Amino acid sequence: MIKVHNLVKRYSSLIALDHFSLEVSDGEIFGLLGPNGSGKTTAINCMLSLLTFDKGEIFLFGKPMSETAYDLKRQIGVVFQNAAVFQELTVWENIDYFCGLYIRNRQQRNEYVSEALEFSGLEEYRKFYPQKLSGGLLRRLNIACGIAHKPKLIFMDEPTVAVDPQSRNHILEGIRRLNREGATIVYTSHYMEEIEQLCSRIMIMDKGKPLAVGTKEELKGMIAADEKIRMELPELPDGVLKELQELPCVRQAVFRDGNLDVRCRANGFGMITILDLLKEQQIHPGRVYSEPPTLNDVFLAITGKELRD
């Protein structure tokens, strides 16, 4: 569906994209993760031919993408981070306008606009003007305008920023539905849990370069992140705590308020080793929790930054 090869984009002395390459298959929800300024939006704008670039190739649907590739552009939907709607038009009129850029037949367009209203949950707001909508509803309108013409490829750049939980859940379920109906989606977000829930594959990028690509399981397997273990214990003698802290697999062990919190080195058989030591001391824990490496751990390990840095 998308093939980007060796893309370079410069702004004077700043290199926004540094030999950036990407492949997205038909039917994927592909996640782009990167801190602010990593090049995500620049990459999307180049793929859409909204920006020129200095070097590289971009193919969409197996064909070269260019400013005049209108046959390709008709099959693409775009939802930008900032809502792009007309304040002078009602909800219905906004969706109809953007759908009309692609669908000339009035009857077909009416059907598509009605479906977009139902999809976005905006039926009862069809006669409202954008300034009368809440932030969450405005986001939904922005999405409805971008997908009303039933595109095969959709780019979504931070579509849930600053929305209420109800609208956010509605948007995420809508994205899954679009994908089930056949759309391929490229998705960027600052919410790690959204990427984990939605995306079949993920690219982590920084400074205009891809750093890692794979499923969330594959990405987690790339790093030696600590395992976090919590055990509920009625008490723990200081001597036993010291023994735990001296285990080769243990980085840190703290006992506080009836909970033993341990950080273990990856692949160090930490859980088994700790349970064996406690058994030797005739200490029997209550509930035991183990938290494997998260996608946030992967991101931090690969980029050295938090996602929202």
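I take buried as under 20% relative accessible area, exposed as over 50%, and partly exposed as in between, with a 1.4 Å probe and protein chains only. The model is predicted, so I read local features only at pLDDT of at least 70 and side-chain atom pairs only at pLDDT 80 or more, while totals for chains, interfaces and linings use all residues. Residues are numbered from 1 along each chain as its sequence is written, and side-chain values use heavy atoms, with hydrogens and water left out.

**Entry: Asn 296**

I looked up Asn 296 and found it partly exposed, with a relative accessible area of 27%. Asn 296 sits in helix H11, residues 295-303; helices (H or I, at least four residues) and strands (E, at least two) are DSSP runs, numbered from the N terminus. I then checked Glu 196, which is 100 residues away from Asn 296 along the chain; their C-alpha atoms are 9.8 Å apart.

**Entry: salt bridges**

Side chains of opposite charge can pair when their charged atoms come close. I call it a salt bridge when a side-chain nitrogen of Lys or Arg is within 4 Å of a carboxyl oxygen of Asp or Glu. How many salt bridges does this rule give? I get a count of 15.

I looked at Arg 109 and Asp 96, whose side chains form a salt bridge at 2.9 Å, N to O. Arg 109 is in helix H4 (residues 106-120) and Asp 96 in helix H3 (residues 91-100), so this pair ties together parts 13 residues apart in sequence. I note Arg 109 as buried at 10% relative accessibility, and Asp 96 as buried at 13%.

Next I took Glu 118 and Arg 177, a salt bridge with its closest N and O atoms 3.1 Å apart. Glu 118 lies in helix H4 and Arg 177 in helix H6 (residues 165-180), so the pair ties together parts 59 residues apart in sequence. Glu 118 is partly exposed at 38% relative accessible area, and Arg 177 is partly exposed at 28%.

Glu 196 came up again as the salt-bridge partner of Lys 220, with 3.4 Å between the closest N and O atoms. This pair links distant parts of the chain, 24 residues apart: Lys 220 is in helix H8 (residues 216-220) and Glu 196 in helix H7 (residues 192-198). I list Lys 220 as partly exposed, at 24% relative accessible area. I also found one network in which salt bridges with shared partners join Asp 96, Arg 106 and Arg 109.

**Entry: Arg 139**

I found Arg 139 in helix H5, residues 135-147.

Phe 61 is in the loop between strand S4 (55-60) and strand S5 (63-64), and is partly exposed at 21%. Lys 150 is in the loop between H5 and strand S7 (153-157), and is partly exposed at 43%.

**Entry: Glu 246**

I placed Glu 246 in the loop between helix H9 (238-245) and strand S12 (250-256). Glu 246 is exposed, with a relative accessible area of 56%.
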